[in-house]
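Below is a short report on one chain. Look over the sequence and the fold before reading on.

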Amino acid sequence: MTDKNIRLTSYNNADNLIAHGTSLQQLNNAMSSQPILDDWHLPNQLASEADPDQQTDTALAEPKTRRPPMYAVVLFNDDYTPMEFVIYLLKAHFKHSHEAAYNIMMTVHLKGKGAAGIFPREIAESKAAMVNHEARIEGYPLLCQIEPLGGN
Ligand code: TYC
């Protein structure tokens with residue numbers, strides 16, 4: 001691993017991270033403004049910044065498909081919702097493994113907020129509504145909101 005492979009990222013370019021297949025854990029790291037390691041398989045340079053002589057036809061072509069604007073479904077910490085219930089929600093609504101759910105819950109618990117998943121707007125809205133509804137039914141104050149990723 002060389003210096004060239006290490007890039008600092010911030011929450012503001014989260015859309016760029018997601019577009020390049022970056023994981024939820026990396027988004028959560030970026031959300032708390034921590035440096036992360038990017039995937040060294042990916043180019044370190046945007047096509048638009050590359051030397052024009054080196055650009056390929058593929059890099060210059062218009063993308064044939066458009067990606068929808070993406071939204072993070074964000075959980076907020078509170079002092080009353082049980083940890084086990086948050087882990088249950090992350091497994092049931094976002095299909096996380098027990099370990100991933102535990103890690104996301106602890107991120108929220110320790111840092112105040114954390115992303116449960118990343119989806120197009122309507123799916124993100126529906127997941128947040130279901131999580132809030134289920135929490136209210138159980139009598140817990142858990143708050144779940146959606147946040148546009150950078151570039152929306
Ligand atoms: N802080 C809560 C507790 O200590 C746990 C918790 C985690 C609550 C995540 C909400 O979104 C949340 N029981």
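Which residues have the most contacts inside the largest nonpolar core? They are A72, V73, L90 and A115.

## Model and conventions

This is a predicted model: local features need pLDDT of at least 70, side-chain atom pairs count only at pLDDT 80 or more, and totals for chains, interfaces and linings use all residues. Residues are numbered from 1 along each chain as its sequence is written.

## Overall fold

The chain has six helices and three strands. Both are DSSP runs numbered from the N terminus: helices are H or I with at least four residues, strands are E with at least two. From the N terminus the order is α-α-α-β-α-α-β-α-β.

Of the 152 residues, 26% are buried. Buried means 20 or more other C-beta atoms within 10 Å of the residue's own; exposed means 12 or fewer; partly exposed lies in between, with C-beta atoms placed from the backbone. Among contacts between residues at least 6 apart in sequence, 67% join residues at least 24 apart. A contact needs C-beta atoms, placed from the backbone, within 7 Å.

## The nonpolar core

The largest nonpolar core holds 28 residues. Such a core is a set of buried Ala, Val, Leu, Ile, Met, Phe, Trp, Tyr and Cys residues joined through C-beta atoms within 7 Å. Helix 2, strand 1, helix 4, helix 5, strand 2 (113–120) and helix 6 (121–137) each give two or more residues to this core. Strand 1 gives the most, with six.

A115 touches L24, L27, N28, M31, A72, V73 and V74, leaving out residues up to four places away in sequence. In helix 2 (residues 24–31), L27, N28, A30 and M31 are buried. The buried residues of helix 2 fall within an arc of 160° seen down its axis, so they line one face. The arc is that of the directions from the helix axis to the C-beta atoms.

## Strand 3 and P148

P148 lies in strand 3 (residues 143–148). P148 counts as partly exposed because it has 14 C-beta neighbours inside 10 Å. Beyond its neighbours within four places in sequence, P148 is in contact with P69 and Y71. P148 and I118 are 30 residues apart in sequence and 9.5 Å apart in space, C-alpha to C-alpha.

Key. Contact = placed C-beta atoms within 7 Å.
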